[in-house]
Amino acid sequence: MPLLTATAITRIHDLGMLRRGDEIEAHRNREVHYSGYVEDTAPGLGIVWIRDLSDGRRAILHADEYAIWQISAE
């Protein structure tokens, strides 16, 4: 029987908490606009770069435009 893994979703207010490889979602108006893995961050600029899961492209996300949520297994 496969084991189910609980998932935690945490709102990120400080981009300095994110590390390369972290899974995140970017929400705007309560909708997911991007979902992917962190490639780089610039916390001082309020920017995170991800590799988008939907199309494999690199996306730049501005924290003042999106609510950033970290997805992790508990």
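User: Why is Tyr34 called partly exposed?

Analyst: Happy to explain, and please keep in mind that this is a predicted model. Tyr34 has a relative accessible area of 25%. Buried means under 20% and exposed means over 50%, so Tyr34, at 25%, counts as partly exposed.

User: And what makes Tyr66 buried?

Analyst: The relative accessibility of Tyr66 is 11%. The cut-off for buried is under 20%, so Tyr66 counts as buried.

User: How many aromatic pairs does the structure hold?

Analyst: There is one aromatic pair. Tyr34 and Tyr66 form it, with ring centres 5.7 Å apart and planes at 80 degrees.

User: Why is that pair of Tyr34 and Tyr66 called edge-to-face?

Analyst: Rings pair if their centres lie within 6.5 Å, and planes over 60 degrees apart count as edge-to-face. The values here are 5.7 Å and 80 degrees, so the pair is edge-to-face.

User: How do you know that the pair links distant parts of the chain?

Analyst: Tyr34 and Tyr66 are 32 residues apart. Tyr34 sits in strand β3, whereas Tyr66 is in the loop between β5 and β6.

User: Which residues does His27 contact, leaving aside its neighbours within four places in sequence?

Analyst: They are Val32, Tyr66, Ala67 and Trp69. His27 itself belongs to strand β2, residues 23-28.

Note on methods
Residues numbered from 1 in each chain as written. Predicted model: local features only at pLDDT ≥ 70, side-chain atom pairs only at ≥ 80, totals over all residues. Heavy atoms only, no water. Helix = DSSP H or I, 4+ residues; strand = E, 2+ residues; numbered from the N terminus. Contact = heavy atoms within 4.5 Å. Phe/Tyr/Trp six-rings, centres within 6.5 Å; stacked < 30°, edge-to-face > 60°. Buried < 20%, exposed > 50% of the residue type's maximum accessible area, 1.4 Å probe, protein only.
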